[in-house]
Amino acid sequence: MTTLAILQDILIQEFDLTREQVAPQASLSGLGIDSLDLLELMFKIEDRYQLAIRDDIPSNLETVQDVVGYIDGLLARRGPPVAPDADLHATG
Amino acid sequence: MRRVAITGMGVLAPLGADVAELFTSLLAGRSGIRRLTQSAFEALRSPIAADVDFDGGAHFETAQLRMLDRVSQLAMIAVAQAVADARLDLSNADLDRCGVSVGTGSGGAATSDEGYHTIYAERSDRVKPYTVLGSMHNAPASWIGIEYGLRGPNLTYSTACSSSAVAIGEAARRIAYGEVDVMLAGGAEAPLCFGVLRAWEAMRTMASVDAHDPAASCRPFSAQRTGLVLGEGAAFLVLEDWQRAAARGAPIHAELRGYGLTTDATHITRPSVAGQAAAMRAALRSAHLDAAAIGYVNAHGTATLQNDPVETQAIKEVFGTHCTALPVSSTKSMHGHLLGAAGALEFVIAVGSLERGVLPPTMHLEAPDPACDLDYVAGRARSGVALAAVMSNSFAFGGTNAVLIACAPGFDPA
């Protein structure tokens, strides 16, 4: 799954949105997602990708696509990534 | 000084999800106290409480729930009931002259508890961003203000067990002084999380679980009483300038005629007969009523060893010989102690009793403490009682005493 698709799933789940609403160009503020919501969103991203996001979230993330770009940047900096669609919660 | 009308009431309480259900339960002597069966509470000495069957997910969207502690959720539901009950149409109101007044003792306790758990138990830095906003004591009042667009005074009072009686009295005073016309006033408390229950347990003032029937564990005025039982819930009133209410043909439950506010200033927990008596006298004075006008007192009646005889003595000092004809009951025997929301719930019960001509009982009172010898309406409610004025007492740790008096709409003792 692409970063976009994963992010869209999380947004749909956490913010009661439809797939149409979370198009790449959709504005975060237009979707009712403010800075505190974004922080909570990042917890979900951390869980999904087994990331630890240490830096402050940039204040210029305005669209869904901006967040995709930010996540991809974090994944690239981390190095060899866990496959995005691996089942991180599998036991054994 | 203007007169204050009570035009709407709403509750979300251990005994009912609305005022009608609350009164059905009260008059049947039903207890909302139960054993807490969730494994999280196993370690408590007395795992009992009066909880509310309420799932926020059924009332609020996911995105909103993120920001709302249970205390704010309960408050908003109860306020909505009160506003609907009052048939309050705010679309034509001067919203700068409408405000909110809330009492709470613990604020967003569960949010706070969860945050501390994350920090200290999980040793994680992933504290939820909404932790401060969810736990702050003024959150319920602020969300109510936002919901209804009310730009007048928005205040939160925290005086422990008298918080919402204070919130109601202070709101009424603002209306009486002409500063505002409408106030949504009441209280909310959602303290039933492990940390809070543990902390209360540490004071050794909580009731033991009754061996025969956990629901009977709260026994105000009884020789067998063992302490208080915590509860959760919210209760709200719509208070309105009387002229405004009459002009719009509002349903008027009662007049909020008296408010007495005193402080013990003696001890951080032990109640004072003088302080309580002074509060009741102050309420009577503010209502321009003689003690003999009061037909029912909803007591503070926590069932702690300290409160009940002190309150009994204070009532005797204020009411004198009228005590022989004055029913006094503690409905905490059924709904538990809602702490910051207790004053509001009990005042709603007093007003509702006034309207219905009923006396809710003090349940689980078989053998009274010898120092407690008033008519506590023991064991069974009474109906068909002619009531013109009722009193509700709230006395608190820290010593802030608040007493409210409500009168029937047509009552004029002059």
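Student: Let's start with one residue. Is Y120(B) buried or exposed?

Tutor: This is a predicted model, and in it Y120(B) counts as exposed, with a relative accessibility of 59%. The cut-off for "exposed" is over 50%. Y116(B) is partly exposed, at 48% relative accessibility.

Student: How do I read a pair of aromatic rings, and how many aromatic pairs are there over all chains?

Tutor: You describe such a pair by how far apart the ring centres are and by the angle of the planes. Here the count over all chains is 3 aromatic pairs.

Student: Where do Y116(B) and Y120(B) sit in chain B?

Tutor: Both belong to helix α4 of chain B, residues 109–121. They are 4 residues apart, so about one helical turn separates them.

Tutor: Now look at F221(B) and Y376(B), which also form a stacked pair, at 4.0 Å centre to centre with 15° between the planes. F221(B) is in the loop between α8 (194–201) and β7 (233–241) of chain B, while Y376(B) is in the loop between α13 (342–356) and β11 (389–395) of chain B, so this pair ties together parts that lie 155 residues apart in sequence.

Student: Which residue lies over the face of F15(A)?

Tutor: That's R66(B), placed 4.6 Å from the ring centre. In chain B, R356(B) lies over the face of F23(B), 4.1 Å from the ring centre.

Student: Now the interface. How many residues of chain A are in contact with chain B?

Tutor: 13 residues of chain A touch 11 residues of chain B. The two chains bury about 1,100 Å² between them, and 47% of that is on carbon and sulfur atoms. On the chain A side, L36(A), E40(A) and F43(A) supply 47% of the area buried against chain B, more than any other three residues.

Student: What about charges and polar groups across the interface?

Tutor: There are 5 salt bridges between chain A and chain B. For example, R126(B) bridges to E46(A), with the closest N and O atoms 2.8 Å apart. You'll also find 6 residue pairs in polar contact across the interface.

Student: Which helix gives the most to the side of chain A that touches chain B?

Tutor: Both α1 (3–15) and α2 (35–49) of chain A supply at least two residues each, but α2(A) gives the most, with 7 residues.

Conventions. Residues numbered from 1 in each chain as written. Chains lettered and ligands numbered in written order. Predicted model: local features only at pLDDT ≥ 70, side-chain atom pairs only at ≥ 80, totals over all residues. Heavy atoms only, no water. Phe/Tyr/Trp six-rings, centres within 6.5 Å; stacked < 30°, edge-to-face > 60°. Buried < 20%, exposed > 50% of the residue type's maximum accessible area, 1.4 Å probe, protein only. Lys NZ or Arg CZ within 6 Å of the ring centre and 35° of its normal. Contact = heavy atoms within 4.5 Å. Buried area = accessible area lost by both parts, 1.4 Å probe. Salt bridge = Lys/Arg side-chain N within 4 Å of Asp/Glu carboxyl O. Polar contact = N/O pair within 3.5 Å; in protein donor to acceptor, adjacent residues only side chain to side chain.
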